Amino acid sequence: MQDSLEALGWSPFFAEAFVEYEPKGLIPGRVAVQERGAVVLFTTAGMLSASGHAVTGDWVAAEKLPGEERGIVRAVLPRRTRFARKELWLTEEQVVAANVDTVFLVTDCGPDFKPRRLERYLTAAWDSGAAPVVVLTKSDLAADPAATVEEAESVAFGVPVHAVSSVTGSGLDQLATYLQPGTTIALLGSSGVGKSTLANRLLGEERLATGELRRDGRGRHTTTHRELVRLPGGAFLLDTPGMRELQLWADEEALEETFADVADLARQCRFTDCNHAGEPGCAVGVALVDGSLPRARWESYSKLQREIQALAIKQDARLLSEARKERRRFARSQRKTKW
């Protein structure tokens, strides 16, 4: 049985973008596996290996080579959503997953749960355009899962939070509502929090490698590449390698989504340019004093804000540098022309 494009996640958004490629004899395909310099595509005719660059979840316009079961990626269609991070040591964007409907931000109910880390992931998720959902794994090992859920809800305003166990199956039924046919869900989180174990439970088989628990009860990093796999009900699941560090590639609008409480307080300040550093009428300062805004949350917000602002400055500096280089290249070309 062949898949329809809609079953693979196709929508009018992609159909409109593909119009210019159809007369050229190209076919639409969706990246299932991303490899170095090559991809494996879902197509209506089956799986197709193709040379070219794209990320897992991308829709591409591909040329199928005559008489061969391989092709060439000729274009990557615009992305409806994308989860990205900053490349380590570089002012470059690394897209981790594309065209995802829902992002499962995975952490556990035990010692790995850190509210500040969750705030960082939430900011990246809001910036992606996908809907974030917090999934707390290993609830069977937690002393008080309900308390961890409450703590997660206190920093994830308006975001669903679910505690689950991939061992006992507890809470997994709560995730079914997100697994609709043709939708795409990405699992994102730090190393060893149980993403692959959760993926296998949703798949109904041990397809993805998992690691044994360490002595401290934490898992080991096992996923080494990004792969889009089909779930029994027709949804697609994208498991990603654990992130030891997530440097933000986002803007302040995404930060305000994560810290809606802080943004609301800032709007109540007497002065619109309030720096929240002791100015009269500062609602943030009042909330810090009376305890309604935890200082740790305010410090987390300030840290992420500085990181985002520093990124914006570096991006501007890079653009200025590229413009200068272009001007110098033009000047050299003009000198050559004169002589």
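Predicted model: local features only at pLDDT ≥ 70, side-chain atom pairs only at ≥ 80, totals over all residues.
**Entry 1: salt bridges overall**
I began with the count, and the structure holds eleven salt bridges. I followed up some of them below.

**Entry 2: R79 and D58**
I looked up R79 and found a salt bridge to D58, with 2.8 Å between the closest N and O atoms. This pair links distant parts of the chain, 21 residues apart. R79 sits in the loop between β5 (70–76) and β6 (82–86), while D58 sits in the loop between β3 (46–51) and β4 (59–64). Is D58 buried or exposed? D58 has 0% relative accessibility, so it counts as buried. R79 has 34%, so it counts as partly exposed.

**Entry 3: D101 and R80**
I moved on to R80, whose side chain meets that of D101 in a salt bridge (2.8 Å, N to O). I placed R80 in the loop between β5 and β6, and D101 in the loop between β7 (93–98) and β8 (102–108). The two are 21 residues apart, and the pair links distant parts of the chain. I then checked accessibility: D101 is at 25% and counts as partly exposed. R80 is also partly exposed, with a relative accessible area of 36%.

**Entry 4: D127 and R82**
I noted both D127 and R82 as buried.

**Entry 5: R120 on helix α2**
I stayed with helix α2, which covers residues 115–128 and includes R120. The side chain of R120 makes a polar contact of 2.9 Å with the side chain of E307. Why does R120 count as buried? Its relative accessibility is 16%, and buried means under 20%.

**Entry 6: a network**
R116, E119, D261 and R297 are linked in a network of them.

**Entry 7: a negative patch**
Which residues form a negative surface patch? I found D251, E252, E253, E256 and E257 there. I picked out E257, which has its place in helix α5 (residues 252–258). E257 has a relative accessible area of 39%, so I logged it as partly exposed.

Key. Residues numbered from 1 in each chain as written. Heavy atoms only, no water. Patch = residues over 30% accessible without salt bridge, like charges linked within 9 Å, V, L, I, M, F, W, Y side chains within 5 Å. Areas by Shrake-Rupley, 256 points an atom, 1.4 Å probe, with all protein chains shown as cover. Salt bridge = Lys/Arg side-chain N within 4 Å of Asp/Glu carboxyl O. Lys, Arg positive; Asp, Glu negative; His and termini not counted. Charge placed at Lys NZ, Arg CZ, Asp CG, Glu CD. Helix = DSSP H or I, 4+ residues; strand = E, 2+ residues; numbered from the N terminus. Buried < 20%, exposed > 50% of the residue type's maximum accessible area, 1.4 Å probe, protein only. Polar contact = N/O pair within 3.5 Å; in protein donor to acceptor, adjacent residues only side chain to side chain.
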